[in-house]
Amino acid sequence: MRTAHRVETVRAAEAALMARLPEGALMARAAAGLAAACCSLLGRGRVYGARVVLLVGGGDNGGDALYAGARLARRGAGVTAVLLGARAHEGGLAALRAAGGRVADDPFAPLATADLVLDGITGIGGRGGLRPDAVPVARAARGSDAVVVAVDLPSGVDADTGEVAGEALRADVTVTFGTYKPGLLVDPARGYAGALRLVDIGLGDELPGVPDLEALQHRDVARLLPVPGAGTDKYRRGVLGIVAGSARYPGAAVLTVTAALRGGAGAVRYVGPAADAVIAAHPETLVHAGPPDRAGRVQAWVVGPGLGDGPGAAEVLASDVPVLVDADGLRDLDPALVRARSAPTLLTPHEGEAAALLGVAREEVEAGRLAAVRELAARFGATVLLKGSTTLVRGPEGGPVRVNPTGTGWLATAGSGDVLSGLAGSLLAAGLRPLDAASAAAYLHGLAARRASRDRAPVTAGEVAATLPDAWRDVTAGE
């Protein structure tokens, strides 16, 4: 599992560790790891004679770049520093010069022939985008043929929120120290980070046990997925009720049911006007004319996909089992109704729906996804899965926000959300708590889309649903 901590936490951990180490030891560790990463990126035997440019700001981030540059210079690289801060880190600059590095008079000339550029302009304390004087240099670095490596964090992005409030330097690789920072895992900042490499500088014992963000990996998801035993029957595996579809959107019902069945539900009870289409696709589905409370016993409900202008989620929310509310079920949803429930609720809005629930512009949600998912979870007293370029999951009790690492642009297709709802609903019915059901579903959903589009071909939501068992097998293969 990848974990991320906010700047305040990292600063406190660094201070506690530095109090026990010789002066400069922590920066030396960071520089050593950074230099080693640069060597691997340049390739075996290519460090000697390589042209490396350091973009150096005035803080410790610039010091890390300078000390790493000194190490590369001692290995035969031609290292040039472009000083962009009011003053450079004195020790780092002295080390670079002692190793044979130099400081550029013209900031643009060395970038034209650089093999690798180290972005040490601003660190984790930076706010509000690059300063105007750094923008032309950053653009020249990005426009060069060099590999751009961010030192700890791409300059211009917000480490805590993932927001990009101005111009930022997009990296090919980010080498971060001690722990991941939230902005490295959450869009829009994640899109500037490139590939991530974590350098262990010894912060582990100083960091709190509960991170601010966490990103599940195969092994974490495999532990969550239900596995039927020898004595399991369809009811113990979980019966999911689905209220979805309409005369205008019958396909939403079919996709939601398909994903629920391929996601492991023991049985699905469908209530809605698309019964004929559902039965044609899945004759094993149990259909009922409604209302939902007369459809039979279920362990969880999904309500909302493709309902159109039909009834909302209120009737289903009156039940005493977990309920997932998606799409049209979120329309005009009353926070008091959700908070009054005795059973848990999972809301799965996309950014536009989240904006409507919060009463803000969609652009505000897109720019501040972490703030939005936290606010929704608190306001509704529910677990919230915020769909988008990085899917986020937050429980009503607080704790770490979960970030899904498997998302892909191929999921931007009609019906994709219906598939996610059916899959998450099946896991709710199997007994997973909403936070785990949402996290595992998002992970499998993204993995299935990646698998289905392995040859970089467009995929439909139906193909993603059909690939869910393969994604499940991929996750559990090592268990």
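Q: Why is Tyr-192 called buried?
A: Tyr-192 counts as buried because its relative accessibility is 18%, and buried means under 20% relative accessible area, with exposed over 50% and partly exposed in between (1.4 Å probe, protein chains only). This is a predicted model, in which local features need pLDDT of at least 70, side-chain atom pairs count only at pLDDT 80 or more, and totals for chains, interfaces and linings use all residues. Residues are numbered from 1 along each chain as its sequence is written, and side-chain values use heavy atoms, with hydrogens and water left out.

Q: Where is Tyr-192 found, and which residues does Tyr-192 touch?
A: Tyr-192 belongs to helix α7 (residues 190-193); helices (H or I, at least four residues) and strands (E, at least two) are DSSP runs, numbered from the N terminus. Not counting residues up to four places away in sequence, Tyr-192 touches Pro-154, Val-157, Val-164, Ala-168, Leu-169, Arg-170 and Ala-171, where contact means heavy atoms within 4.5 Å. The C-alpha atoms of Tyr-192 and Ala-171 are separated by 5.7 Å, although these residues are 21 apart along the chain.

Q: What makes Thr-391 buried?
A: The relative accessible area of Thr-391 is 12%, and Thr-391 is therefore buried. Thr-391 lies in the loop between β16 (383-386) and β17 (392-394). Leaving aside neighbours within four places in sequence, its contacts are Arg-369, Leu-385, Leu-386, Arg-402, Val-403, Asn-404 and Ala-442.

Q: How many cavities of 30 Å³ or more does the structure hold, and what makes a space a cavity?
A: There is one of 30 Å³ or more, and the largest cavity has a volume of about 70 Å³. On a 1 Å grid over the protein atoms alone, a cavity is a set of points where a 1.4 Å probe fits but cannot get out; a pocket is an open set with protein on both sides within 12 Å along at least five of seven lines, and lining residues have an atom within 4 Å of a point. Thr-391, Arg-402, Val-403, Asn-404 and Ala-442 are among the residues that line the largest cavity. α18 gives the most to this lining, with three residues.

Q: Which residues are closest to the centre of the largest pocket?
A: About 670 Å³ of space lies in the largest pocket. Of its 31 lining residues, His-350, Lys-387, Leu-411, Ser-416 and Gly-417 are the closest to its centre. The largest share of the lining, four residues, comes from α17.

Q: Which residues of α17 and α19 meet?
A: Ser-416, Val-419, Leu-423 and Leu-427 in α17 meet Ala-461, Val-464, Ala-465, Leu-468 and Trp-472 in α19. The residues of this contact comprise eight nonpolar, one polar and no charged; Ala, Val, Leu, Ile, Met, Phe, Trp, Tyr, Cys and Pro count as nonpolar, Asp, Glu, Lys and Arg as charged, and the others, Gly among them, as polar.

Definitions and conventions:
Points joined across faces, edges and corners; volume = space filled by probe spheres on them.
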